[in-house]
Amino acid sequence: MAVIARLKREHIDEMIKHAREEAPIECCGILAKRDGAIVRVYRAKNAEASPYRFSIDAREQLRIQRDMDDEGTEWAGFYHSHTGTPAVPSPTDIRQMSTFFGPPYVHFLVGIADPDNPELRVWYIENGDKTEHEYELVD
Ligand SMILES: [Zn+2]
């Protein structure tokens, strides 16, 4: 395991908050970085409105991309929640993401199956497989 993402406590809190607000539907969003650290959490709408899978509308991705261009940030990766299963990419996640969003894109999973103990884990998804890595908190 290697450190593949650096972020602030507030970013983690924001992803968990989003997951709780959308449950039992999966929440999803996009993460922006600057100088190697995540600087912003963009909430996105789950176009599937499903408790089992997610997708982000292409127009919404474009809107977020434009905002990143304005702010001089780069695409860091994605996050989404699992509301009834662990924070591990599902076969559907892997099928959907591994072709276009392999490394360096990171995938954060927020697990809130146990609402009192939310878990946040980060993964690379590539070549039809998943690899867990680590994130580091920064000030
Ligand atoms: Zn998933």
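Student: What does Leu62 count as, going by its relative accessibility?
Tutor: Leu62 counts as partly exposed, because its relative accessibility is 41%, where under 20% relative accessible area is buried, over 50% is exposed and partly exposed lies in between, for a 1.4 Å probe and protein chains only. This is a predicted model, in which local features need pLDDT of at least 70 and side-chain atom pairs count only at pLDDT 80 or more, while totals for chains, interfaces and linings use all residues. Residues are numbered from 1 along each chain as its sequence is written, and side-chain values use heavy atoms, with hydrogens and water left out.

Student: And which helix is Leu62 in?
Tutor: Leu62 belongs to helix α2, residues 58-71; helices (H or I, at least four residues) and strands (E, at least two) are DSSP runs numbered from the N terminus.

Student: How far is Leu62 from Phe101?
Tutor: The two are 39 residues apart in sequence, and in space their C-alpha atoms are 15 Å apart.

Student: What does Phe101 group with among the aromatics?
Tutor: Phe101 forms one aromatic cluster with Trp75, Phe78 and Tyr105.

Student: How many aromatic pairs are there in the whole structure?
Tutor: A search finds four, where rings of Phe, Tyr and Trp (its six-membered ring) pair if their centres lie within 6.5 Å, with planes under 30 degrees apart called stacked, over 60 edge-to-face and the rest tilted. One of the pairs, Phe108 with Tyr135, is tilted, at 5.6 Å centre to centre and 55 degrees between the planes. This pair links distant parts of the chain, since Phe108 is in strand β5 and Tyr135 in strand β7 (residues 129-137), 27 residues apart.

Student: Is Phe108 buried or exposed?
Tutor: Phe108 counts as buried because its relative accessibility is 0%, whereas Tyr135 is partly exposed, with a relative accessible area of 29%.

Student: New topic: which residues have the most contacts inside the largest nonpolar core?
Tutor: They are Met15, Leu31, Ile38, Tyr79, Phe108 and Val110, in a core of 20 residues; such a core is a set of buried Ala, Val, Leu, Ile, Met, Phe, Trp, Tyr and Cys residues joined through side-chain atoms within 4.5 Å.

Student: Which element gives the largest share of this core?
Tutor: Helix α1 does, with four residues, and the elements giving two or more residues include α1 (9-22), β3 (37-44) and β5 (106-111). Another core of 15 residues lies apart from it, with Ala32, Tyr42, Phe54 and Ile125 among them.

Student: Last one: how many disulfides are counted?
Tutor: The count is zero, a disulfide being a pair of cysteine sulfur atoms within 2.5 Å. The sulfur of Cys28 is 6.7 Å from the closest cysteine sulfur, in Cys27, which is too far for a bond. Cys27 counts as buried because its relative accessibility is 1%, and Cys28 also counts as buried, at 0%.
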